[in-house]
Number of protein chains: 2
Amino acid sequence: MERLRGFRDIYPEDAEPRKKIFNVAERMSEIFDFSKIEFPSVESMDLYRLKSGEELVGQTFSFTDKGGREVTLTPEATPSVVRMLTARKDLQLPVKWYSFQRYWRYEEPQSGRQREFFQYNADIFGVDSIESDAEIIGLACRILDELGLEGKYSMKLNSRDFMESLLVSKGISELDRAYAIIDKAKKTAPEKTISDLEGIGLDPDSAKNLVSMFEVEYEPDSFPIDSFSYMGSDIEKLERLVETTKLVSSYTPSRVTIDLSIVRGLTYYTGVVFEAYDNDGSFRSILGGGRYDRLASLMSEQEIPAIGFGMGDVILELMLKKSDIKSPVSEDKSVYVCYSDPNLFGYSLSIANEFRKQSFRTAINMTARSLTAQIRQASKRGFRYAVIIGEKEYGSGNMTLKDMTSGKQIEITNKEIGNLQNLF
Amino acid sequence: MERLRGFRDIYPEDAEPRKKIFNVAERMSEIFDFSKIEFPSVESMDLYRLKSGEELVGQTFSFTDKGGREVTLTPEATPSVVRMLTARKDLQLPVKWYSFQRYWRYEEPQSGRQREFFQYNADIFGVDSIESDAEIIGLACRILDELGLEGKYSMKLNSRDFMESLLVSKGISELDRAYAIIDKAKKTAPEKTISDLEGIGLDPDSAKNLVSMFEVEYEPDSFPIDSFSYMGSDIEKLERLVETTKLVSSYTPSRVTIDLSIVRGLTYYTGVVFEAYDNDGSFRSILGGGRYDRLASLMSEQEIPAIGFGMGDVILELMLKKSDIKSPVSEDKSVYVCYSDPNLFGYSLSIANEFRKQSFRTAINMTARSLTAQIRQASKRGFRYAVIIGEKEYGSGNMTLKDMTSGKQIEITNKEIGNLQNLF
């Protein structure tokens with residue numbers, strides 16, 4: 001009996017960073033006034049045909065259900081979220097939603113890419129403004145900061161509508177091919193990117209200029225905006241990007257930059273796009289998103305501006321493991337309850353339940369074995385305290401408490417449980 | 001674009017009780033020293049054939065994947081958990097694990113039963129003792145108590161090995177048919193249950209006696225144990241049940257009883273079985289579980305005693321809605337930041353981020369509209385405070401804070417944010 005290829009079992013030793021991702025993302029979302037939603041993990045295949053190219057459709061975990069419907073395990077959040085949004089006419093805009101669910105892709109499994117994964121997703125619907133751009137990217141930064149990654153990543157911004165104006169002004173019509181070339185620029189030799197861009201019609205000087213900019217991450221204040229002044233009124237799109245980048249910097253002490261090589265693969269982005277990368281460069285992007293103002297009108301008759309991002313569990317989990325996250329349960333508040341005779345279990349349990357009321361991680365021995373073996377177990381499992389109950393303790397209504405760090409033992413009453421650290 | 005039949009969209013107004021279920025179950029599990037695990041939502045169909053009858057197999061959301069494998073969306077937790085357990089030879093027993101995942105059944109949707117649902121699951125592996133029986137049922141009680149359901153439910157226990165001894169001692173060999181009859185007894189006229197039991201070979205007096213006991217929930221101290229003394233040494237199984245029920249009572253102020261009609265459908269239980277019911281009787285069981293000591297040996301060569309339970313989201317969510325759960329985010333710590341001019345967004349944002357640092361649920365206006373419209377929005381959305389930023393506030397480096405309950409307005413500094421309740 002084995003699990004399927006491309007799927008993971010998460011044992012307790014791997015669960016801590018994952019719990020932290022979930023809890024921090026939920027708390028920061030609520031603080032930013034986002035509300036939680038959930039949607040099905042199985043959707044009609046038609047939902048993805050509208051928005052995604054055949055590439056994504058080919059990678060879906062799709063099948064025909066017992067009722068003959070062509071369905072798929074959800075490969076991403078956005079189509080479901082937009083479906084939920086457009087299904088309700090009574091929602092007061094702006095709507096700020098987040099979710100945290102499993103997704104599936106039928107791809108060849110590789111390091112950091114499984115057939116099943118979790119993704120946190122957040123969106124703002126109903127407003128197209130610099131302020132809403134900054135809010136969602138700011139939320140992304142604050143989640144990473146609170147996860148303990150402050151200063152360890154860069155948030156990189158670009159603008160798809162600026163890039164479109166720039167490429168069009170230089171005579172390029174095959175925008176999708178241009179984005180595909182630019183998307184790979186960081187992993188490609190500059191000469192190759194230059195010749196690829198020339199291949200779709202960019203003049204050699206412009207190609208060289210653009211590719212040289214891909215190698216720099218600009219602080220918003222030092223971006224050479226004047227070198228694009230030939231673009232006329234389209235320069236406003238670049239000014240909005242610079243302004244947004246400055247605002248995002250006020251959310252976080254981590255680095256926020258402009259990077260013209262960030263274009264993101266999907267064709268439906270219409271404004272700012274962004275990705276976060278760890279500063280060591282060891283991983284693929286930690287999260288990514290952007291503005292997509294035309295998707296709602298594809299799925300309904302409504303025009304609803306939208307911006308959002310998704311953040312997978314796999315890269316984050318690897319980063320958090322590297323940065324040595326502590327368990328959220330304080331190990332100073334942990335106790336293992338031992339007793340010398342099975343008849344003392346009832347009394348020992350009343351003491352265990354007292355510790356539990358005070359939120360101690362509390363285990364009580366459940367098998368017939370010697371006190372010595374029980375105390376050895378407490379030590380092996382890393383409990384801070386052991387409680388020892390024998391006939392004497394039962395008679396006096398007290399307990400013997402052993403500090404497993406120092407080895408010291410004292411007799412205490414129930415009432416002293418709240419104040420253990422002062423007893424030794 | 002619609003969601004599939006039997007699936008739910010959860011909008012924010014329904015998300016609060018669900019978040020509470022997840023958070024309380026996670027916290028109580030950690031306090032009881034259970035560790036979190038996760039497993040795939042897609043498993044090989046073979047995993048279920050071993051343990052479950054064709055009935056469950058017929059209800060699975062199963063399909064053939066693109067690689068030709070016969071797979072299914074997971075219909076329940078236990079087979080995956082036991083697969084994870086037996087895959088690792090290095091685990092130190094006892095193992096105490098919990099999980100919280102989605103499950104799917106391809107059944108006809110009805111009230112309280114969808115094709116997709118969440119289930120919390122907890123198990124103890126490696127020990128067969130009264131103490132471990134009490135621990136897992138005690139955990140189930142404490143989760144319900146912490147959810148605000150203290151005193152609103154009964155935890156009902158029975159013992160499958162006692163029932164087996166009893167039925168066998170009365171000459172019944174078709175145990176599965178007997179359990180199926182008993183399982184339906186509470187929803188069936190007593191005369192019908194009596195004649196059904198007679199139909200599989202129980203003598204009329206015993207059938208009448210047994211069915212009369214189905215109508216009573218016994219406190220452990222008042223269970224008529226003497227009336228089973230003819231069972232000889234098998235009476236020990238009943239004594240263990242009584243003892244376990246007494247111990248569980250020490251975990252919770254809620255009602256814990258013995259109910260001989262609780263047998264649970266699945267055939268693999270080997271000891272204590274239990275279910276929780278709300279006292280109003282409005283719902284099906286809230287949770288259920290039992291001891292299943294023979295499953296691990298079906299899936300591997302290892303004999304590993306086991307006890308566990310599962311608790312679905314649907315019934316609990318309905319109960320929590322009825323009992324009017326409050327939002328976990330205190331509405332006293334919420335603020336909406338308004339500003340008179342888009343140029344003041346940067347300054348307003350620095351104030352919003354100060355509130356966020358102090359864990360206020362904080363929204364900031366993101367669209368071009370009048371101050372009056374922004375303050376109206378703060379009121380409509382139920383924020384406790386509005387912050388108002390105009391040129392005057394920007395000049396002085398302060399903010400105007402409006403208490404939306406009383407309507408009072410005062411000017412405060414950043415430093416006073418931590419102490420709002422004392423200002424009015």
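**Notebook: a predicted two-chain model**

**Entry 1. Helix α4 of chain B.** I began with what lies over the buried residues of α4(B), and the cover includes β2 (42–44), α2 (46–49), β5, β6 (116–125) and α11 (295–299) of chain B. I note at the outset that the model is predicted. I then counted how far the helix is covered: nine of the 10 residues of α4(B) are buried, so I recorded the helix as mostly covered. The buried residues include Val81(B), Val82(B), Arg83(B), Met84(B) and Leu85(B).

**Entry 2. The partner of Arg83(B).** I asked which residue meets the side chain of Arg83(B) in a salt bridge. The partner is Asp9(A), with N and O 2.8 Å apart. I located both residues: Asp9(A) lies in the segment before α1 (12–31) of chain A, and Arg83(B) is in helix α4 (residues 78–87) of chain B, so this pair joins two chains. Is Asp9(A) buried or exposed? Its relative accessibility is 9%, and Asp9(A) therefore counts as buried, the limit being under 20%.

**Entry 3. The neighbour Ile10(A).** I moved on to Ile10(A), which is also in the segment before α1 of chain A. Ile10(A) has a relative accessible area of 4% and is buried. I looked up what Ile10(A) touches, leaving out residues up to four places away in sequence. The list holds Ala15(A) and Arg18(A), together with Lys36(B), Ile37(B), Glu38(B) and Met84(B). Met84(B) is one of the buried residues of α4(B) noted above. For a sense of distance I also took the C-alpha atoms of Ile10(A) and Ala189(A), which are 179 residues apart along the chain and separated by 39 Å.

**Entry 4. Other salt bridges.** Over all chains, I found a count of 94 salt bridges. I examined two within chain B.

- Asp33(B) forms a salt bridge with Lys96(B), and their closest N and O atoms are 3.8 Å apart. Asp33(B) is in the loop between α1 (12–31) and β1 (35–36) of chain B and Lys96(B) is in strand β5 (residues 95–104) of chain B, so the pair ties together parts that are 63 residues apart in sequence. Asp33(B) is buried at a relative accessible area of 3%, and Lys96(B) is buried at 8%.
- Lys322(B) forms a salt bridge with Asp280(B), and here the closest N and O atoms are 3.0 Å apart. Lys322(B) belongs to helix α12 (residues 313–322) of chain B, while Asp280(B) is in the loop between β9 (272–278) and β10 (287–291) of chain B, so parts that are 42 residues apart in sequence are tied together. Asp280(B) is exposed, with a relative accessible area of 59%.

I also followed salt bridges that share partners, and they join Arg8(A), Asp14(A), Arg18(A), Asp313(A), Glu317(A), Lys321(A) and Glu38(B) into one network.

**Entry 5. The nonpolar core.** Which residues have the most contacts inside the largest nonpolar core? They are Met155(A), Phe309(A), Met155(B) and Phe309(B), in a core of 194 residues. I listed contacts of Met155(A) beyond four places in sequence, among them Ile137(A), Ala140(A), Cys141(A), Phe274(A) and Leu287(A).

**Entry 6. Two helices of chain A.** Helix α5 (residues 130–149) and helix α12 (residues 313–322) of chain A pack at an angle of about 35°, and their axes are 11 Å apart. Leu144(A), Leu147(A) and Leu149(A) of α5(A) meet Leu316(A), Met319(A) and Leu320(A) of α12(A). I sorted the residues of this contact into six nonpolar, no polar and no charged.

**Entry 7. Helix α6 of chain A.** The buried residues of helix α6 (residues 160–169) are Arg160(A), Phe162(A), Met163(A), Ser165(A), Leu166(A) and Leu167(A). Their cover includes β7 (153–159), α7 (175–183) and α10 (235–249) of chain A. After α6(A) comes Gly171(A), whose phi is positive, near 85°.

**Entry 8. Relating the two chains.** Finally, I laid chain A on chain B: the RMSD is 0.0 Å, by a turn of 180° and a shift of 0.0 Å along the axis. The two copies are thus related as by a two-fold rotation axis. In chain A, the C-alpha nearest the axis belongs to Phe63(A), 3.3 Å from it. The same surface serves both copies, since 100% of the contact residues of chain A recur in chain B.

Technical notes:
Residues numbered from 1 in each chain as written. Chains lettered and ligands numbered in written order. Predicted model: local features only at pLDDT ≥ 70, side-chain atom pairs only at ≥ 80, totals over all residues. Heavy atoms only, no water. Core = buried A, V, L, I, M, F, W, Y, C linked by side-chain atoms within 4.5 Å. Buried < 20%, exposed > 50% of the residue type's maximum accessible area, 1.4 Å probe, protein only. Contact = heavy atoms within 4.5 Å. Axes fitted to C-alpha atoms, helices over the stretch in contact; angles between N-to-C directions. Helix = DSSP H or I, 4+ residues; strand = E, 2+ residues; numbered from the N terminus. Nonpolar A, V, L, I, M, F, W, Y, C, P; charged D, E, K, R; others polar. Salt bridge = Lys/Arg side-chain N within 4 Å of Asp/Glu carboxyl O. Least-squares fit on C-alpha atoms with pLDDT ≥ 70 in both.
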